[in-house]
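Please keep the sequence and the structure in view while reading.

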Amino acid sequence: MPYVVDFQNVSTVGLESSPFAETLAGLRANEARYYKNKYDHVFTVTSVDEDPATLEWISGILKDERDIVISSRPLEVTSFEVEGTRMAYGFYESGLSINVMYGIEDGGKRAVGFKLSDGMEIPEELESRFKFARQKSKLAGVIRGSYFVIKGEH
């Protein structure tokens, strides 16, 4: 069942099995606030069982572009379009959030971003490949993030 992410009253709904449920919920709320403020888009997530195609798209890009397979169990996903860009998010039990920004027009911006919940270790499959910068968030504490540019067509 779809869940509208509330960034004013942060909830761990759908993320309860994560040892970082509170900070992952804050990270998810941080994204919801961004899309509401910038695009007036309501950030809604579903379980992976309800939207396996979004997880397959994210996983396919990771595998094709960088031979990355995420070992953590995926909990929730979302996919939507804003201003000519397809966005997709995956939220994982380990506290990891992955987003794909894919410009629909040729030459549009295309990238994969990784965000780590406050307190979690860098996943082994990402540790040697990426450096993570820190940013502070009122909703998520300290977020560590990294990204790579998508080269192929997906």
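Glu83 counts as exposed because its relative accessibility is 69%; the classes used here are buried (under 20% relative accessible area), exposed (over 50%) and partly exposed (in between), computed with a 1.4 Å probe on protein chains only. The place of Glu83 is in the loop between S3 and S4, where H and S denote helices (DSSP runs of H or I, at least four residues) and strands (runs of E, at least two), numbered from the N terminus. Although Glu83 is not a glycine, its phi is positive, at about 45 degrees.

Asp67 also has a positive phi, near 55 degrees, and is likewise a residue other than glycine. It lies in the loop between H2 and S3. With a relative accessibility of 46%, Asp67 counts as partly exposed.

## Basis of the values

The model is predicted, so local features need pLDDT of at least 70 and side-chain atom pairs count only at pLDDT 80 or more, whereas totals for chains, interfaces and linings use all residues. Residues are numbered from 1 along each chain as its sequence is written, and side-chain values use heavy atoms, with hydrogens and water left out.

## The sheet

Eight strands form an open sheet in the order S1-S2-S3-S4-S5-S6-S8-S7, with antiparallel pairing; two strands pair if DSSP finds at least two bridges between them. Strand S1 (3-4) and strand S7 (133-137) stand at the edges, each with a single partner strand, so one side of each has no neighbour in the sheet. In a regular strand the side chains alternate between the two faces of the sheet.

Several of the pairings can be followed residue by residue. S2 and S3 are joined in the antiparallel sense over two bridges, and Thr46 has Val77 in S3 as its bridge partner. S3 and S4 pair over eight bridges, also in the antiparallel sense, with Ser79 opposite Ala88 in S4. These two strands form a hairpin with two residues between them, and Glu83 belongs to its turn. S5 and S6 are paired antiparallel over seven bridges, and here Ser97 stands opposite Lys115 in S6.

## Helix H1 and its surroundings

Helix H1 (residues 21-39) packs on the sheet, touching S1, strand S2 (44-47), S3, S4, S5, S6, S7 and S8; contact means heavy atoms within 4.5 Å. The direction of H1 makes about 165 degrees with that of S4. Such angles run from 0 to 180 degrees between N-to-C directions, with axes fitted to C-alpha atoms, for helices over the stretch in contact.

Two residues of H1 show how the helix is placed. Ala25 is in H1 and counts as buried, at 2% relative accessibility. Leaving aside neighbours within four places in sequence, Ala25 is in contact with Val10, Ser11, Thr12 and Leu15. Ala25 and Ser117 are 92 residues apart in sequence, but their C-alpha atoms are 8.8 Å apart in space. Asn30, also in H1, is buried at 12% relative accessibility. Apart from neighbours within four places, Asn30 touches Ser137, Leu139 and Ile143. Its side chain makes a polar contact of 2.9 Å with that of Arg33; a polar contact is a pair of N or O atoms within 3.5 Å, where within protein one must be able to donate a hydrogen and the other to accept it, and residues adjacent in sequence count only if both atoms are side-chain atoms.

Helix H2 (residues 52-66) has 15 residues and reaches 21 Å from its first C-alpha to its last, close to the 21 Å expected at 1.5 Å a residue; the expected span is 1.5 Å times one less than the number of residues. The buried residues of H2 are Thr54, Leu55, Trp57, Ile58, Ile61, Leu62 and Glu65. Seen down the axis of H2, they fall within an arc of 160 degrees, so they line one face of the helix; the arc is that of the directions from the helix axis to the C-beta atoms.

The face turned away from this buried side carries the exposed residues Glu56 and Asp64. H2 lies across S3, S4, S5, S6 and S8, running at about 95 degrees to S4. Just after H2 comes Asp67, with its positive phi of about 55 degrees.
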